[in-house]
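This report goes through a protein structure part by part, for a reader who has the sequence and the 3D view at hand.

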Amino acid sequence: MRIYCSENYETMSRVAANIISAQIIFKPNCVLGLATGSTPIGAYKQLVKWQKKGDLSFTQVRSVNLDEYVGLSPEHSQSYRYFMNENLFKQVNINIENTNVPNGMAENPEEECSRYNSLIEELGGIDLQLLGIGHNGHIGFNEPEAAFNLNTHVVKLSETTIEANSRFFDNDISKVPTHAITMGIKSIMHARKILVVASGADKSDILVKTFMGSVMPEVPASILQMHPDVTLVGDKAALSGLINAGAKITL
Ligand code: PGA
């Protein structure tokens with residue numbers, strides 16, 4: 001794996017955007033696996049800038065997002081479709097019909113998972129999967145103890161996640177989605193390349209467990225050690241634990 005260490009969030013975001021941009025330039029009709037969360041926002045902003053400058057074009061790019069809440073419509077401000085539209089899709093020259101997020105409003109979420117798996121297959125698989133990493137090592141909605149051998153599936157959110165999320169839903173726990181659709185670890189591991197982004201000292205410990213600890217379901221992201229093409233882009237604070245533990249920094 002490659003580890004790129006940046007001074008701060010801004011430079012980290014630029015390095016991540018560079019890697020995504022390189023993927024698009026080398027293969028204009030590539031399939032990007034995209035992620036929500038706070039970490040990728042800076043990289044998305046940078047991609048928007050480069051596209052507006054004319055350095056980059058998304059006209060042939062296809063995308064598949066990692067996950068979505070069950071029961072939230074694309075118009076809901078907390079839905080991941082809304083997040084992607086606002087932070088990237090509406091701001092670049094991507095064909096919105098080529099963008100895919102699991103449908104949280106599907107009548108039958110299980111069927112939606114099968115449809116999503118077939119879709120990824122029909123697109124020819126994911127060229128580059130972007131991933132943020134949770135403090136407990138989750139990737140997508142694959143929380144600790146998640147099975148390593150699942151494709152897209154429905155997950156029940158833990159009580160602590162539901163409680164933590166209530167701040168985004170008027171502090172009303174009854175409004176918080178209880179389930180989500182997520183690509184599984186197997187779907188993620190099938191991506192040809194993986195780009196992990198991490199920022200801040202609070203991610204330092206989980207990065208050590210993920211990349212230097214044992215591969216185990218208690219730390220879902222630890223499976224990434226088995227993937228042949230992983231790039232971790234982080235700022236100094238996030239990478240401090242890995243650096244102290246002697247991990248080899250590529251750049
Ligand atoms: P964050 O989330 O980018 O907001 O830290 C990462 C994640 O939980 O997947």
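## The ligand and its surroundings

In this predicted model, an N or O atom in the side chain of lysine 203 lies 2.6 Å from an oxygen atom of the ligand. Histidine 138 also has a polar side-chain atom placed 2.6 Å from a ligand oxygen atom, and for serine 38 the distance between a side-chain N or O atom and an oxygen atom of the ligand is 2.7 Å.

## A sheet of three strands

Elsewhere in the description there is an open sheet, whose three strands follow the order S4-S8-S7 and pair in the antiparallel sense. Its edges are formed by strand S4 (67-69) and strand S7 (153-156), each of which pairs on one side only. From one strand to the next, the twist averages 25 degrees.

Looking at the pairings one by one, S7 and strand S8 (residues 179-182) are antiparallel and are linked over four bridges; here histidine 153 has threonine 182 of S8 as its bridge partner. Helix H4 (residues 109-122) packs on this sheet, where it touches S7 and S8, and the direction of H4 makes about 135 degrees with that of S7. On the other pairing, S4 and S8 run antiparallel and are joined by three bridges, with tyrosine 69 having alanine 180 in S8 as its bridge partner.

## Two helices in contact

Two packed helices are described by the angle between their axes and the distance between the axes. For helix H2 (residues 41-53) and helix H3 (residues 80-87), the axes come within 10 Å and cross at roughly 40 degrees.

Which residues of the two helices meet? On the side of H2 they are Ile41, Tyr44 and Val48, while on the side of H3 they are Phe83, Met84 and Asn87. Sorted by class, this contact of H2 with H3 has five nonpolar residues, one polar residue and no charged residues.

Key. Residues are numbered from 1 along each chain as its sequence is written. This is a predicted model: local features need pLDDT of at least 70, side-chain atom pairs count only at pLDDT 80 or more; totals for chains, interfaces and linings use all residues. Side-chain values use heavy atoms; hydrogens and water are left out. Axes are lines fitted to C-alpha atoms, for helices over the stretch in contact, and angles run from 0 to 180 degrees between N-to-C directions. Contact means heavy atoms within 4.5 Å. Ala, Val, Leu, Ile, Met, Phe, Trp, Tyr, Cys and Pro count as nonpolar, Asp, Glu, Lys and Arg as charged, and the others, Gly among them, as polar. Two strands pair if DSSP finds at least two bridges between them. A polar contact is a pair of N or O atoms within 3.5 Å; within protein, one must be able to donate a hydrogen and the other to accept it, and residues adjacent in sequence count only if both atoms are side-chain atoms.
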